[in-house]
Amino acid sequence: MLEPTLAIVANGLFLEFDADHSGHIDMSDMNALYSRMDLNKDTSVSRNEFETYMTEVMTVLVILHLQAQDFDS
Ligand SMILES: [Ca+2]
């Protein structure tokens, strides 16, 4: 079972949440995040939309973790 380090996960989530790449997460980033999660644009994030979004994000983080492992070896 793959267990990415928490630092890689935290860094990846920051980069994902910092939508405008300003180095800071502010309300505009949170609004952008919310919009990305709200797939059907009904101004509400369902459990399914949340899980879909988080699965996509976590998949990318796992791939980055695997690439980092390859780079280290
Ligand atoms: Ca929705």
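## Crossing of α1 and α3

In this predicted model, helices α1 and α3 cross with right-handed geometry (left-handed if the near helix is turned anticlockwise from the far one by less than a right angle, right-handed if clockwise). Their packing angle is about 125°, and the axes are 10 Å apart. Axes are lines fitted to C-alpha atoms, for helices over the stretch in contact, and angles run from 0 to 180 degrees between N-to-C directions. The pair is therefore oblique (under 35 degrees is roughly parallel, over 145 roughly antiparallel, 65 to 115 roughly perpendicular, the rest oblique).

## Helix α3 and V60

Helix α3 spans residues 47–72. Helices are DSSP runs of H or I, at least four residues, and strands are runs of E, at least two, numbered from the N terminus. The 26 residues of α3 reach 36 Å from first C-alpha to last, close to the expected 38 Å (1.5 Å times one less than the number of residues). None of the 26 is buried, so α3 lies largely in the open.

V60 sits in α3. V60 is partly exposed, with 13 other C-beta atoms within 10 Å (buried is 20 or more, exposed 12 or fewer, partly exposed in between, with C-beta atoms placed from the backbone).

## Confidence

The chain averages a pLDDT of 88, and 93% of the residues score at least 70 (pLDDT is the predictor's confidence in each residue, from 0 to 100). Confidence is lowest in α1, at a mean of 86, and highest in α2, at 95.

Residues are numbered from 1 along each chain as its sequence is written. Local features need pLDDT of at least 70, side-chain atom pairs count only at 80 or more, and totals for chains, interfaces and linings use all residues.
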